Amino acid sequence: MLVIETASRQGNDDGKRQQGASTLPGSGAEIKVAPFLFMLPDPQSALKESYRFDERRREGGRLNAVEIEEAISALAERLFEAEEFPYAFLEAFGNKETTLKRLRKGESNKSDMGGVLQTNNIHIATCKAGEVTRTLTALKVSPATARAKARFVLATDGEMFEAEDLTTDDGPISCAYTDFPNHFGLFLPLAGITTVRQVRESSFDIRATSRLNRLYIELLKDNPKWGTAQRRHDMNHFMARLIFCFFAEDTEIFDGGGAFTSTIETMSARDSSNTHEVISELFRAMNTKVAERTGVGIPRWADGFPYVNGGLFSGSADVPRFSRIARSYLLHIGGLDWRKINPDIFGSMIQAVADDDERGALGMHYTSVPNILKVLNPLFLDDLRQQLEQANDNARMLLNLRKRMLKIRVFDPACGSGNFLVIAYKEMRAIEAEINRRRDEAHRSTEIPLTNFRGIELRDFPAEIARLALIIAEYQCDVLYRGQKEALRDFLPLDAQNWITCGNALRLDWLSICPPTGTGVKHHADDLFHTPLNQAQIDFENEGGETYICGNPPYKGSKWQTSEQKEELASAWAKFPHLAKTTDYVSGWLARYLDYAGKVPDAVAAFVTTNSICQGQQASDIWPVVSRRDIEIRFAHTPFKWSNLASHNAGVTVIIVGMGSKSSRPKRLFGDDGRVRECEVIGPYLVPNMPDAVAKANRPIGPQFVMLFGNMPRDGGHLFLTNQEAGELRRDPATSRYVRRFLGSEELINGKLRHCLWIEDRDVEAAKGQEFIADRLALVASNRLASPAESTRAFANHAHRFVQIAGTAAQTAIVVPRVSSENREYLPVDFVTADCIIGDRNFALYDAPLWNMALIASRLHWVWIGTVCVRLEMRFSYSNTLGWNTFPIPTLTDKNKADLTRCAEDILLARETYFPSTIADLYDPEAMPEDLRSAHERNDEVLERIYIGRRFKNDTERLEKLFELYTKMIASTVAGKQKKVGAV
Ligand SMILES: C[S@@+](CC[C@H](N)C(=O)[O-])C[C@H]1O[C@@H](n2cnc3c(N)ncnc32)[C@H](O)[C@@H]1O
């Protein structure tokens with residue numbers, strides 16, 4: 001992670017800490033800023049703020065990182081109370097009142113040091129002044145800490161704060177008590193947020209986002225017009241200016257530490273009435289060249305600020321009005337140390353501030369840098385690093401690499417706040433710096449132009465932040481690699497070019513935004529910073545280079561797309577209209593890439609996407625089209641969690657697909673276990689050397705039994721009975737034989753009880769003699785007659801029966817629902833006896849041996865169905881022709897069948913113990929009974945040994961074996977058919 005600590009200004013830091021704590025040094029007078037002001041609840045806020053901490057905690061709901069940060073900051077600002085501190089600390093991380101009560105009473109407190117020890121979590125002790133280090137050591141070696149498997153130890157005397165994560169080698173952190181919120185990321189696991197190191201170290205970004213969020217909400221309260229569609233852009237632009245100023249004042253881009261905040265504090269009235277005017281004057285100064293300042297009335301106190309512009313301060317200097325609270329928020333935000341900002345992380349977080357729908361989940365959508373590198377490394381960074389290694393100290397080779405890099409363009413057509421671009425830029429700067437170091441040119445200014453990092457973003461605030469993030473990244477890299485002085489010298493004024501286009505990537509022509517050569521950008525985007533910027537003047541600085549397209553565009557399954565998005569997708573897939581109907585929104589970016597690659601054949605692209613585009617119907621629709629356009633998957637990452645700050649890493653499961661024009665070079669498949677495999681082709685399901693999609697089969701390709709649809713009523717509901725009706729008919733000997741239990745998918749999964757009328761042909765006349773039944777059959781007949789479908793109308797005269805009937809003479813059936821949740825670890829399947837009528841929301845194998853059920857209940861089958869069948873949103877949509885008939889099964893001996901039968905029986909018996917629990921209850925992944933899980937494990941063990949003589953290591957290995965076998969079985973079926981034809 002790149003956190004750049006520039007030369008520290010101790011005096012300033014101290015001043016800031018005081019400021020944040022309680023007293024603001026004013027011009028002579030002391031202005032009290034009550035700390036509690038920052039934690040005032042916001043009772044009348046009409047805005048959708050996330051629901052409050054207290055309510056969440058009482059309900060035991062999980063807190064997100066931003067909420068935790070708020071609570072921790074409030075705690076640090078309160079008067080320190082030694083006895084109360086441990087409980088308040090645990091409360092801030094979302095512990096419920098009942099949990100705290102038990103700790104207070106000592107029921108669950110395992111401390112042997114008079115502190116508070118929560119099992120598996122933390123051992124906290126407060127101590128006398130000056131004894132913090134000694135206390136921390138004692139906590140570490142305390143037997144109770146080890147016994148309770150505490151992950152953290154924490155000691156404080158209210159002046160100093162020390163803590164350590166005992167599961168890492170990072171050693172203890174030590175800081176002033178008031179600064180401990182700067183380290184709150186370390187403790188996120190206490191709230192169930194397991195984080196990568198990167199996230200743990202983003203405490204500053206989370207704190208800054210949280211504070212800016214509060215300011216944003218407060219300003220919108222006082223300036224409702226700024227929240228309207230017309231003024232939202234101004235509001236967002238104002239926030240971008242503020243962020244820049246906070247960064248600039250802490251990094252000496254503005255002369256003198258903290259100049260921006262302290263000028264506002266000094267010059268604006270305490271009642272906040274003129275805060276907006278003071279800020280507006282500062283912005284005006286930043287938009288006026290120093291030489292032109294005389295005569296335009298820039299006040300003396302604003303004159304010390306440099307000319308910044310670059311579009312950032314051009315246009316209206318209008319500023320929203322500040323309430324007292326908003327003013328104090330602003331001063332408090334200025335009190336943070338903005339040198340620590342991480343433009344990649346911060347950008348992703350801050351964009352939620354301006355989005356009413358996302359504000360509640362503030363910070364949750366942060367994308368971790370390691371995940372972004374999973375895209376960028378194989379796309380081009382690995383190659384650059386490899387060249388660097390090969391060059392060693394060879395000056396010419398190093399020079400060639402540097403020249404190559406300055407011609408590289410990186411283009412993210414759904415860039416959000418620019419995190420992919422920022423990371424790409426920072427990584428390239430690191431390589432360039434290493435080249436310069438090896439060539440003894442360490443202080444050389446960079447040749448990598450920021451304008452080679454292009455983006456398209458739909459929403460204006462993230463687009464603004466993207467540009468700002470890149471500017472900050474450039475400055476930070478300059479400080480790191482060239483030194484503060486050089487960085488400052490070249491920084492201002494900002495460049496006025498606009499290389500992040502605010503617009504719709506599925507409507508814009510990518511060629512006009514990221515042209516293949518140095519020709520100008522033809523597209524005039526919505527201007528980002530108010531001033532119309534002549535984009536046509538922005539050439540790529542170094543033409544003729546490589547183009548790398550990357551990003552994580554929005555996924556959206558077809559059900560969730562708005563009508564506009566459907567239209568956009570249709571325009572993107574104009575040449576293949578059928579794809580627009582069935583595929584996810586993200587596929588539009590593939591379509592646009594195909595068009596782009598048609599003109600720029602060397603362009604390579606890698607996108608993060610949900611795995612749906614490599615599953616079922618979408619896989620077999622999309623990838624043949626891609627192949628026809630001479631594009632192939634060059635590398636891919638098999639499914640993994642796209643982790644973010646959400647509790648328990650509740651990120652989506654995604655894949656990465658990297659594409660380029662067809663070539664003979666080996667393709668690389670990255671697994672979640674860190675394994676990289678090379679192969680000739682990566683197929684539509686991201687399986688090596690399986691180039692084709694699975695085709696439907698009308699009959700099983702292996703030993704499995706035939707699977708049929710359940711019975712289809714098409715009756716308008718009139719053949720169905722309420723439980724009361726069923727009971728009454730059953731009690732009457734004249735009608736009891738017409739009532740049967742009906743098993744739809746709901747009944748199978750959720751154990752609902754449902755009945756229907758079932759009348760054999762031979763009984764029709766007798767049944768019609770019963771008034772209730774006669775009435776019902778009349779209703780069925782008229783309903784069918786009204787149907788537009790000829791096949792239904794034809795059954796109006798046979799109202800007593802279902803339209804499609806199967807397996808009614810069977811004694812038993814193995815039943816599988818057609819649609820079921822993707823969250824279960826095994827597919828729902830059940831075994832029923834003859835008295836049930838199986839509905840057409842299910843498939844059924846009639847009178848099939850039980851070993852067939854063992855196959856369906858296996859993890860292997862789950863993986864196969866999840867991959868080759870269609871998904872409805874994410875839910876499994878089972879298909880007999882595509883999923884069951886194609887399921888590749890090796891030859892089964894009688895012994896194999898007997899073993900599998902036994903496994904299926906064990907599964908059924910294990911379920912039986914929990915009667916009347918339903919399949920939904922028993923297969924809840926959080927609550928699956930151990931004996932049932934073991935029965936499934938045994939089933940998997942037996943089946944997988946039949947396949948490969950051992951358990952598979954993971955689902956990827958399962959899938960690969962299945963495809964290998966499938967390919968062989970299909971080939972032998974085809975060969976068999978050909979032989980037969982030959983013989984005839
Ligand atoms: C999943 S986010 C990724 C952004 C960023 N890379 C990140 O990780 O935060 C997708 C971004 O695409 C933007 N977006 C959605 N539809 C778009 C469109 N049609 N054209 C351009 N951008 C779009 C969204 O506003 C959002 O910022």
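pLDDT is the predictor's confidence in each residue, on a scale from 0 to 100. The structure shown here is a predicted model, and its protein chain has a mean pLDDT of 85, with 86% of the residues reaching 70 or more. One stretch that falls below this is residues 519-537, where pLDDT stays under 50 and for which the model has 55 contacts beyond four places in sequence.

**Confidence along the chain**

- Among the elements of the protein chain, the lowest mean pLDDT, 26, belongs to strand E1 (residues 23-25), whereas the highest, 98, belongs to helix H31 (residues 851-856).
- Residues 1-54 also have a pLDDT below 50, and in the model this stretch makes 105 contacts beyond near neighbours in sequence.
- Where pLDDT is low, the predicted coordinates should not be read in detail, a caution that applies to residues 519-537, with their pLDDT under 50.

**The ligand and its surroundings**

- Around the ligand there are 18 residues, and those that come nearest are Asn-419, Glu-457, Asn-504, Ala-505 and Asn-552.
- By residue class, the shell around the ligand divides into nine nonpolar, seven polar and two charged residues.
- Asn-504, one of the residues that come nearest, places a polar side-chain atom 2.8 Å from a nitrogen atom of the ligand.
- Tyr-585 likewise has a polar side-chain atom 3.0 Å from a nitrogen atom of the ligand, while for Leu-458 the atom concerned is a backbone N or O, which lies 3.3 Å from a nitrogen atom of the ligand.
- Taken alone, the ligand exposes 590 Å², and the protein buries 87% of that area.

**An open sheet with antiparallel pairing**

- Four strands make up an open sheet in the order E17-E25-E21-E23, and their pairing is antiparallel.
- Its edge strands, each of which pairs on one side only, are E17 (708-709) and E23 (830-833).
- Between E17 and E25 (residues 842-846) the antiparallel pairing extends over two bridges, and Phe-709 has Phe-843 as its bridge partner in E25.

**Backbone details in loops**

- Most residues other than glycine have a negative phi, and most peptide bonds are trans.
- The peptide bond from Leu-492 to Pro-493 is cis, with omega near -10°, and Pro-493 sits in the loop that runs between helix H20 (484-491) and strand E10 (500-502).
- Phe-915 and Pro-916 are also joined by a cis peptide bond, for which omega is about 10°; Pro-916 belongs to the loop between helix H34 (894-912) and helix H35 (919-922).
- Leu-686, although not a glycine, has a positive phi of about 60°, and this residue is placed in the loop between strand E16 (676-679) and E17.

How values were computed: Residues are numbered from 1 along each chain as its sequence is written. This is a predicted model: local features need pLDDT of at least 70, side-chain atom pairs count only at pLDDT 80 or more; totals for chains, interfaces and linings use all residues. Side-chain values use heavy atoms; hydrogens and water are left out. A residue is near a molecule or strand if one of its heavy atoms lies within 4 Å of it. A polar contact is a pair of N or O atoms within 3.5 Å; within protein, one must be able to donate a hydrogen and the other to accept it, and residues adjacent in sequence count only if both atoms are side-chain atoms. Accessible areas come from the Shrake-Rupley method with a 1.4 Å probe; for residues, only the protein chains shown count as cover. Ala, Val, Leu, Ile, Met, Phe, Trp, Tyr, Cys and Pro count as nonpolar, Asp, Glu, Lys and Arg as charged, and the others, Gly among them, as polar. Contact means heavy atoms within 4.5 Å. Two strands pair if DSSP finds at least two bridges between them.
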